[in-house]
Amino acid sequence: MIENDVMIKTFVYNYSHELEEYYTVKKTKFLSIDDPLAGIAAKKILEENNLDYLAGYIFLSYDGKPVFTEERTETECLLTTWLDLARILREEEDKEFEICFLDNADGNAIIKKEAGNYVITLQKRKQGPADTFTIPAEKLKEAVRKNFVKFIGFCRQSNLVFSKESLYSNALEEYEKIKG
C-alpha cells in the first residue's frame, strides 16, 4: 500500500438472518462487489428487503489505518451511506454533515472540511470518546468519486432491481453528475 493512500471497498451482505443461511456457496457474511458472486447475493438481499434496501458496508482506510470497518459501519442501506458520503463531491467548504449507517447500533459519522482536509468523526452511542480521522480532501474526494461510480456500475451490471421507494433513482442521478 502506498503511504498516504485512501482505499475504499464496498461489500454486500451474503447471509440471510431470516433464513439463517448464506446466499451463495461462499460461507462469509460479506462479499466484496469485486467478487463474481456478489451480484447473486445482492439480488437476494434486495428480494428479502422488498427491493428497498441493499445491506452491506463500506470499508475506508487512510495510510493503512482503518476508518470505516465492517463492525463499525455496517448498514442496512448502502445507497443511503454512499449518497451521504458522495456529498463531499458537491458540498460547500465549511459544511458539516452526517453519514448514515442505517440501523447500526454504534452510530453514524460526521464529516467536515477543515484546512484542506476532511475530518471524519465516528459517533458512538455507547460510552467512550468518538474516533476522529483526518484525510486530505482531494485524496478522499478522488477515492469517493471512483468508488461511488464503481458501486453504481456494480448495481447496473448486476441488473439489480430496486423499488420506486428506494434511493436508487437518486443514486443514478448522482452517478450521472460525477462519473466524469
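Rings of Phe, Tyr and Trp (its six-membered ring) are taken to pair if their centres lie within 6.5 Å, with planes under 30 degrees apart counted as stacked, those over 60 as edge-to-face and the rest as tilted. The structure is a predicted model, in which local features need pLDDT of at least 70 and side-chain atom pairs count only at pLDDT 80 or more, whereas totals for chains, interfaces and linings use all residues. Residues are numbered from 1 along each chain as its sequence is written, and side-chain values use heavy atoms, with hydrogens and water left out.

A search of the whole structure finds eight aromatic pairs. In one of these, the ring centres of Tyr13 and Phe30 lie 5.0 Å apart with the planes at 90 degrees, so the arrangement is edge-to-face. This pair links distant parts of the chain, Tyr13 belonging to strand β1 (residues 6-13) and Phe30, 17 residues apart from it, to strand β4 (residues 30-32); strands here are DSSP runs of E of at least two residues, and helices are runs of H or I of at least four, numbered from the N terminus. Phe30 also pairs edge-to-face with Tyr57, the centres being 4.8 Å apart and the planes at 80 degrees. Tyr57 lies in strand β5 (residues 56-62), 27 residues apart from Phe30. Ring pairs link Phe11, Tyr13, Phe30 and Tyr57 into a cluster.

Buried denotes under 20% relative accessible area, exposed over 50% and partly exposed in between (1.4 Å probe, protein chains only). Tyr13 is buried at 5%, as are Phe30 at 7% and Tyr57 at 7%.
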